[in-house]
Amino acid sequence: RSLFLSVAEDSRTHQEEDREPIPSDQGPDEGQAPGLHAGLGCDLQTYKAHMITKLSTSLEICYDHPEMRVLSEAFKPDQNTFRPHTVVLHGKPGIGKSALARSVILGWAQDKLYQDISYAFFFSPREMQWAEKSSLAQLISREWADSQAPMTEIMSQPERLLFVVDDFDDLDSALPQEDTRLCEDWKDEQPIHTLLYSLLKKTLLPQSFLLVTTRDTGLQKLKSMVVSPLYILVEGLSATKRTQLVLENVSDDHRRKQVIRSMLDNQWLAEQCRVPSICSLVCKALKIQEKLGGSCTPVCQTLTSLYSTLVFHQLTPREPFRGCLSPEERGTLMGLCRMAAEGVWSKRSVFYDNDLKTYGLKESEISALFGMDVFQASHSAKRCYAFFHLSLQDFFAALHYVLEGLGTWNQSCFVIKNLRSLSELKGTHFNAHLGGMKRFLFGLVNKDTMRTLEVLLGYPLSPVVNQVLQHWVFMLGQQANDTSPMDVLDAFRHVFESQDKDFVCSALKSFREVEIQVNQRTDLVVSSYCLQHCKNLEALRVDVSDIFSVEMNTELLWPDLHLKPISKCCMTQGKPLIMECWEDFCSILGTHPKLKQLDLGSSILSEWAMKIMCLKLKNQACKVQSLTFKNAEVVSGLRHLWMTLVSNRNLKYLHLGNTLMEENDIKLACQALQHPKCSLETLRLDSCALTPDCYLMLSNLLLSTTSLRCLSLAGNKVTEKSMRWLCDALNSSKCALQKLILDSCELMPVSCHILASALCGNRTLTHLCLSDNSLRTEEVRRLCRFMSNPECALQRLILKQCNLRGDAYGFLALMLSHNGKLTHLNLTMNPVEDGGMKLLCDAIKKPTLDRDLASVITRNQHLKSLDLSSNALGDSGVIALCKALKQNNSSLRRLGLEACGLTSDCCTELSLALSCNSRLTSLNLMKNDFSTPGMLKLCSAFLHPTSNLWIIGLWKQQYYAKVRRQLEKVQFIKPHMVIDGDWYAFDEDDRNWWKN
């Protein structure tokens, strides 16, 4: 069982080390009698004094930190009597976990915390030799002055021992394999990593208490090792403290507003500043920018720009006669960057003297170049080094790839193998520890940053990195169908870090269709920046979560701290920041020169959010033609939408599926559509809970507008009364409707009769969808009778999953034989029973159903599309159809055979038919059982010069590699051909394969 807690710290200073514990009179065993330690002798007091001396120089006790309040209660039973023996402190690197762990030991040593713990021990993996053998007793004795710890006394009560293991991440790389024999005796000598692993797994001293610290990136692996832990998230500096620290070194009011606005717009930067050491670096960078003046300050601050300011300022030669770094200094810089990169790839943040030697580095040269703000040495027994913060190591690692082409400078460095190339960084999506380096890499390609770096180096930099990163993003845009919304947003965040317009425009020029998810205000900022630079963007789907009510109903991220500029910059002309961000985002949508399709997906838009968006879509420059709100929560702002239909003459398509509309909404919609300036051609009101009165209003609309061509009422109940109103309009010569969608409308027999009668007198309706309505034979008979009338204009009929049985197929066959206009027929998912087959055969006067269908295909010169998916045609049925496909007079263009029970037995005839048929352009073969030999025959047919297939429905992953390679060959030789398993259109009543 595991528990999770989250605590935030309102630090009094910004350094990680300034975390102090709260005193507590209670420990793990609250009920034990006082004076437990009275008989333990002077050894314990000596040990405590030693730990106080060791830790108090870097820690100052503070009594009101929320983390320590939680820690003081951490080992107590909860309300369900669950009592953790392991507590895991996790959080961002540098957030203060180690300081908290040390505070626990110091608080215990000062008799202010965990008074019922007999002994508490602190182990820092980075200060240990992993392979060295030791017993737990020897490990404990290292902290005793004479190296003779009273082990018998210590181990006499293991339930009163506390072990603190700091920074599990350093231990992670040296952990033994799962089959390693764990230690169970504190006297046994084992490799140190085995001892610590045994403590984690509770095979060694299972009754003892354990406190472990780890970064968030190492938490998943730790979960598989610890037993029934309590997890505590250390969240770092509060918004109040961050604001105070960030503005301490900014005096100018205008600059203060700029800085806070950058932090508000760039939430990633704001979140990074929760870490005290990062906040410290940011403050130093802001101080440098303040000192140098406004000319060096970017309009939008990013962590890359701030770190560049800090690092490049320290690299700048102080002597007036030197304009750039010396060759020795360049060598030091490159060696440090390479070592940082190697460390990031191998998850190493601690380096030793031999590492410095390997990379041709000396501590004195690094200190002379950077001071102690970048690379620091520890004061432990074993001398080691680390960057001031892991993010700074990520920055230098990214800088390595920028400098990579200049390796000839560092002649003193040893040859180092196995450092990953830039191209390998692309495929590291799931390696979280590489994310920071990749983000800094994008930030460093900013042309101003590169220019500053070139001046420092005295040499021009290679454009290779810029080109490679552009190519990464460019290829992502070309693979829109295989790219998730989170991948797109992740790419947007990376290019946003660059803040370089030319780079961003070039990288994003391949993005024509984009799908993103907006879960926080920063996503709006990043998306607005990138979408305006997607010059070729044509279609956008955006899912906006409930960010508006959250932002409006909670306190501002940066509260008023009696610093006047702060409260002012959170509002713009009295508007909340989230409103301004949404306005900027909608402005991009309303002015983008190529954006034609806008899909709001499952967005949750408040009334004012809808008002703002509709206002921006009224812009005369708006090119949006298709607007979709399917599944979106927009009811409160619908009244603003109707006026947009009148103002924007480009809007042709509106989808309001699953929007529960009231009669007044339909009334306002109809009034807008009747306006002479409204150009809407398609209106989808799927599953909108329409009432009978709504149908009367829609009927009047059809009689008074000539622009509306398509009306979808799918998923709404259409009663007899409602159908009469609709058909009154269909019977009128004033009705210009061409497409009517009535699937899943619970049609009654009488309603079908009324509709069938209307078809006879209507001269404009060419497309009718009745899918997912249970049609009886009599309804099909009436429908087919009216469709046989020469004056019936219907060209497309969709009867998917209509439960057609028996005589219905005979009437359909007769209709096909006499109808000269029908070009598309969809019979998907209808049970073709034996009786139905016989009747159809009798109607056509042929011996078998399959041959009759072939005859219909051959004789009917108007039938272009036939979908027989999910019907048990079998191999014999398809072989019969193939005879028709071989005929020169076959007019069929699109054929659906999905899930028809086909095997390789029909592949020979099917491949022959495809090889000689030049008219068939689309074929659906999904969900059939073809073997490898059968598929290879079909691939040969796809390649045949006579075949003009453009769209083939196949799921490539279903087949062995040999078939997949052949399908790839087909697409290479015929690049226009689409072979895809995503056959169904999500928002249409018919299928993709019906589209040319």
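Tutor: On a 1 Å grid over the protein atoms alone, a cavity is a set of points where a 1.4 Å probe fits but cannot get out. Grid points are joined across faces, edges and corners, and a volume is the space filled by probe spheres set on the points. By this rule there are three cavities of 30 Å³ or more. This is a predicted model, in which local features need pLDDT of at least 70, side-chain atom pairs count only at pLDDT 80 or more, and totals for chains, interfaces and linings use all residues. Residues are numbered from 1 along each chain as its sequence is written, and side-chain values use heavy atoms, with hydrogens and water left out.

Student: What makes Leu755 a lining residue of the second largest cavity?

Tutor: Lining residues have an atom within 4 Å of a point. Leu755 is listed in that lining, as are Cys752, Ala756, Leu770, Leu775, Glu779 and Leu783. The space there is about 50 Å³.

Student: How many residues of each class line the second largest cavity?

Tutor: Six are nonpolar, none is polar and one is charged. Glu is in the charged class (Asp, Glu, Lys and Arg), while Leu, Ala and Cys count as nonpolar, along with Val, Ile, Met, Phe, Trp, Tyr and Pro.

Student: Why is Asp111 called partly exposed?

Tutor: Buried means under 20% relative accessible area, exposed over 50%, and partly exposed in between (1.4 Å probe, protein chains only). Asp111 has 39% relative accessibility, so it counts as partly exposed.

Student: Why does Ser228 count as partly exposed?

Tutor: Its relative accessibility is 30%, so Ser228 counts as partly exposed. Ser228 also has a positive phi of about 45°, although it is not a glycine.

Definitions and conventions: 1 Å grid on protein atoms, 1.4 Å probe; cavity = no way out; pocket = protein on both sides within 12 Å on 5 of 7 lines; lining within 4 Å.
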